[in-house]
Amino acid sequence: MQNKDLNILNKFNILYLEDDENLLKHTHDVLIDFVNEIYAVKTSKEALEVLKNKKVDVIISDILLENENGIDFLKNLKEDRNINIPTILTTAHTDTKYLLDAIKLKVENYIIKPINIKELLTTLHDILLPIVQEKELRRNNHVIKTISAITDSKQVDIIKFIINNLDNNNIFSASYSDIMDRINISKPTLIKLFKELAEKHILIKIQHKTYRFDENALDNI
């Protein structure tokens, strides 16, 4: 794991499907120190409930589950439900058939039990790094486009601050005072910026001190 920045994992949610309760708990207890959230479940039914109600970035699934098969679960997700989430399969078996099925499903990796935590963390890093990089590129693009939409150069730091503090749903939460505590800018300049961004439908106020950043509005700039 040399030169792997595992800090990038802390913004992502993992769904872990494993019917061995001891292994489920152990792996959960290790991964929770690295990721944002890990949803540990024992059946595909529970896994589907998580997928319905939670944001999941990576699935880790055992192949041979009690009375069911992890391969069939993934086929159901991809082919019947059109859910395509990066997946790591775990198994105690090296049957070629499973490897071929995993390849057909375009599974990101295949880990043999007992699970090597370093290997698992490295795999998660390699899966999620391109997503982090893509988000960074999009964020930089948003900064450039948003800056081009305003005229006052003093407001550039505020735009960077807003975009760098958006959550996964593009929501920004802060008061004028919160921003002024972090950045040296006058309140009139700050109000002017928020007004300009609102007029261009880039930053939409949805409630007190809470705004939604609409990246689609940037296409009209």
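## Antiparallel sheet

In this predicted model, strand β9 is joined to strand β10 (residues 210–213) by four bridges, and the two strands run antiparallel. Within this pairing, L203 has F213 of β10 as its bridge partner.

Both strands belong to an open sheet of three strands, ordered β8-β10-β9, in which the pairing is antiparallel. Its edges are formed by β8 (171–173) and β9 (203–207), each of which pairs on one side only. On average, neighbouring strands of this sheet are turned by 35 degrees against each other when direction is ignored.

## Parallel sheet

A further open sheet contains five strands in the order β2-β1-β3-β6-β7, and here the pairing is parallel. Strands β2 (37–41) and β7 (109–112) lie at the edges, each pairing on one side only. From one strand to the next, the twist averages 15 degrees.

Strand β1 (residues 13–17) and strand β3 (residues 58–62) run parallel and are connected by four bridges. Across this pair, L15 stands opposite I59 in β3. Helix α1 (residues 21–31) packs on the sheet and touches β1, β2 and β3; the direction of α1 makes about 180 degrees with that of β2. Helix α2 (residues 44–53) also packs on the sheet, where α2 touches β1 and β2. The direction of α2 makes about 165 degrees with that of β1.

## Residue D62

D62 is located in strand β3. The UniProt record, in an unreviewed entry, lists D62 under "modified residue: 4-aspartylphosphate". In the model, D62 has a relative accessible area of 4% and is therefore buried, the cut-off for that class being under 20%.

Apart from residues up to four places away in sequence, D62 touches L17, E18, D19, G70, T90, T91 and K113. One of these contacts, L17, is within the residue range of β1 (13–17).

## Residue K78

K78 lies in helix α3 (residues 70–80). The residue is buried yet has no salt bridge.

When neighbours within four places in sequence are left aside, K78 is in contact with I83, N84, I85 and L105.

Definitions and conventions:
Residues are numbered from 1 along each chain as its sequence is written. This is a predicted model: local features need pLDDT of at least 70, side-chain atom pairs count only at pLDDT 80 or more; totals for chains, interfaces and linings use all residues. Side-chain values use heavy atoms; hydrogens and water are left out. Two strands pair if DSSP finds at least two bridges between them. Axes are lines fitted to C-alpha atoms, for helices over the stretch in contact, and angles run from 0 to 180 degrees between N-to-C directions. Contact means heavy atoms within 4.5 Å. Buried means under 20% relative accessible area, exposed over 50%, partly exposed in between (1.4 Å probe, protein chains only). Lys and Arg count as positive and Asp and Glu as negative; His and the chain ends are not counted. A salt bridge is a side-chain nitrogen of Lys or Arg within 4 Å of a carboxyl oxygen of Asp or Glu. UniProt positions are given in the numbering used here, feature names are shortened, and annotations may be inferred rather than shown by experiment.
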